Amino acid sequence: MLHIINGYVIDPKSHLEGYRDILIKDDKVAVIAERGTPLEKMLRQVQAGRKDGVQVTVQNTEAEEMLPQTIDAVGQIVAPGLVDVHVHFRDPGFTYKEDILSGGRAAAKGGFTSVVLMANTKPPVDQEETLSYVLQKGRETGIHVHTCANVTKGMKGQELVDMEALSMAGAAGFTDDGIPLMDEKILQEALQRAAKLHKPVSLHEEDPACISNNGIHAGTASAHFGIGGSPREAEIRMVERDIRIALTQEADLSIQHISTKEAVELVRQAKKKSGHIYAEATPHHFTLTQEAAIKYGTLAKMNPPLREESDRQAIIEGLRDGTIDMIATDHAPHSREEKERPVTEAPSGIIGLETALSLGIRELVDPGYLTLPELMHKMSLAPAKLYHLDAGYIAQGGPADLVIFDKEAKWRAGEETFVSRSHNSPFIGETMPGVVTYTICGGRVVYRCEKRV
């Protein structure tokens with residue numbers, strides 16, 4: 001058992017906000033009580049087998065047999081474990097960048113208790129055998145590892161996978177993330193089948209016909225490097241087409257890592273017509289602009305690219321007004337050697353699990369764009385709801401998946417502090433707010449920070 005005392009609890013589902021003590025038994029939240037409630041009273045509630053009408057299974061009713069470990073969360077926030085529905089753990093196939101175990105450690109350090117992996121591995125997750133491997137290895141991490149399956153076989157965009165079989169085998173959703181679905185008929189059929197399976201389809205929105213050098217915005221940044229770059233039209237064209245198709249279907253469709261103000265507005269208008277349109281934004285897209293690519297080079301190269309200040313502001317406004325439902329990191333590890341290649345040859349992507357909460361606090365909460373409960377909603381409950389995960393909330397009888405963090409404490413992002421296998425981040429060297437002190441998943445402490453600045 002765990003006994004968490006003196007923490008300021010934020011639950012985005014019930015809108016609970018205030019000082020509470022929490023008692024965890026096994027993998028469930030057993031009791032939520034007013035701060036200062038005697039432990040003996042909370043244990044009696046567990047022993048009674050009921051609290052607030054929720055039945056609790058108690059295998060041993062003698063409290064004196066094992067007293068709970070106490071975590072004093074004084075001065076800290078206790079929130080639902082964060083949920084990231086867009087991560088790359090590179091396993092199988094590219095484990096020199098990251099594997100499921102190292103990715104799980106990075107997630108736990110960042111406060112995440114649930115992640116949904118993308119399926120662009122080698123081999124891709126288009127067969128039940130690969131799906132089973134990923135899920136089985138995910139069980140060794142201590143956090144909840146889910147994965148999408150591909151939409152098309154081999155991510156070639158030509159033939160749909162057996163969506164029904166993969167759904168039965170545990171696929172959380174479907175995506176060819178990294179490669180857009182160019183065939184309208186394929187997308188339409190995929191949405192029809194996904195609707196029957198009650199699984200979301202998540203889309204990477206970049207039209208390759210518009211792009212000569214991806215990862216760098218076609219503007220000031222591409223001119224600096226003397227390359228063609230990726231124009232905003234590449235995203236706008238695909239988002240416009242995919243929303244048009246999705247509005248004729250009943251499937252949940254998620255626009256991934258949105259990067260342009262025009263795409264934000266397209267989603268905003270589509271949401272007025274359908275409750276099945278969703279969008280995600282990354283911390284790097286609401287924090288940085290194309291100037292970061294000029295400053296940091298390949299460490300700020302990503303798909304879609306960092307764009308202009310007006311786009312960054314539109315993303316923030318989309319998060320603020322609910323157009324953009326969730327924050328997802330697009331955690332994309334690459335080796336130092338890969339990122340040291342010339343800008344036209346280096347792969348796109350940055351790591352993000354360990355910096356996401358801090359960037360949310362610094363860029364969204366501290367300036368007043370979002371409240372802390374609103375940030376927790378974007379980073380836990382909203383993504384969990386899209387993927388139908390039992391996560392993102394704190395309730396008696398609910399999952400014991402929590403993050404405890406000190407919003408005011410500082411930490412320095414750097415190779416010596418990252419636990420991800422790769423260190424490709426433009427935020428290296430920055431001092432950031434928000435230190436995760438404990439990550440608790442399934443009632444177990446899976447990460448503990450011993451040092452706060």
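1. In strand E10, Val145 is the bridge partner of Val115, and strands here are DSSP runs of E with at least two residues, helices being runs of H or I with at least four residues, numbered from the N terminus. The model is a predicted one, in which local features need pLDDT of at least 70 and side-chain atom pairs count only at pLDDT 80 or more, while totals for chains, interfaces and linings use all residues. Residues are numbered from 1 along each chain as its sequence is written, and side-chain values use heavy atoms, leaving out hydrogens and water.

2. Val115 also stands opposite Asp84, with Val115 lying in E9. E8 and E9 pair in the parallel sense over four bridges, where pairing requires that DSSP finds at least two bridges between two strands. From E8 the chain crosses through helix H2 (residues 100–109) to E9 in a right-handed β-α-β crossover, meaning that, with the strands pointing away from the viewer, the path from the first strand over the helix to the second runs clockwise.

3. Strand E9 (residues 112–117) is joined to E10 by four bridges, also in parallel, and the open sheet has the order E8-E9-E10. Its edge strands, each pairing on one side only, are E8 (82–87) and E10 (144–147).

4. As for burial, six of the six residues of E8 are buried (under 20% relative accessible area, with exposed over 50% and partly exposed in between, for a 1.4 Å probe and protein chains only).

5. On confidence, the mean pLDDT is 95, and 96% of the residues reach 70 or more; pLDDT is the predictor's confidence in each residue, from 0 to 100.
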